[in-house]
Amino acid sequence: MKFVALTLCSLALAGCLVPSEPSKQAEEISSISAEGALLAHGVAEGGVTDSFTRVHAEALRKKLSELEPKVQVDAVSRVLRDADASLALLQDDPAAPGLLEQRLERISKRAEELVK
């Protein structure tokens, strides 16, 4: 239950502003991917319901879709698409949540490298 509350709070605190600077965009993608990895971890541990997983993954994908039109740097666009594809798998059929967790962690790190 704490996980659910923490996740909902982080979504609420993320705000509605869409960054226009590539480094800020990469930072946002890194954050969203890391949050997706936490969600996948919860699924793997069996502590998250299917309904919550679908809704939360959808909310994370929505944040990415709001960011996508502003992204103009190819490397940032690639990590955004990778994050979205991974979250789509988590949303639709989280058959291998451990693998998705690892994948989202790698995407988060790749995006974080673009911030530098």
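Predicted model: local features only at pLDDT ≥ 70, side-chain atom pairs only at ≥ 80, totals over all residues.

Colleague: Fine. At what angle do α2 and α5 cross?

Modeller: Roughly 165 degrees, and their axes come within 8 Å. The cut-off is 145 degrees, so α2 and α5 are roughly antiparallel to each other.

Colleague: Which hand does the crossing of α2 and α5 have?

Modeller: The crossing of α2 and α5 is left-handed. The residues in that contact are 14 nonpolar, seven polar and four charged.

Colleague: Where is Leu-39, and is Leu-39 buried or exposed?

Modeller: Leu-39 is in helix α2, which covers residues 22-45. Leu-39 counts as buried because its relative accessibility is 0%.

Colleague: How far apart are Leu-39 and Pro-97 in sequence and in space?

Modeller: They are 58 residues apart in sequence, and 8.8 Å apart in space from C-alpha to C-alpha. Helix α5 covers residues 97-115.

Colleague: Changing topic, how do α3 and α4 pack?

Modeller: Helix α3 (residues 50-67) and helix α4 (residues 74-92) have axes 9 Å apart, at an angle of about 160 degrees. That makes α3 roughly antiparallel to α4. Their crossing is left-handed.

Colleague: Which residues make the contact?

Modeller: From α3, they include Thr-53, Arg-54, Ala-57 and Leu-64. From α4, Leu-80, Asp-84, Leu-87 and Gln-91 are among them.

Colleague: And how do the residues of the contact of α3 with α4 divide by class?

Modeller: Nine are nonpolar, two polar and four charged.

Technical notes:
Residues numbered from 1 in each chain as written. Heavy atoms only, no water. Helix = DSSP H or I, 4+ residues; strand = E, 2+ residues; numbered from the N terminus. Buried < 20%, exposed > 50% of the residue type's maximum accessible area, 1.4 Å probe, protein only. Axes fitted to C-alpha atoms, helices over the stretch in contact; angles between N-to-C directions. Parallel < 35°, antiparallel > 145°, perpendicular 65-115°, else oblique. Left-handed = near helix turned anticlockwise from the far one by under 90°. Nonpolar A, V, L, I, M, F, W, Y, C, P; charged D, E, K, R; others polar. Contact = heavy atoms within 4.5 Å.
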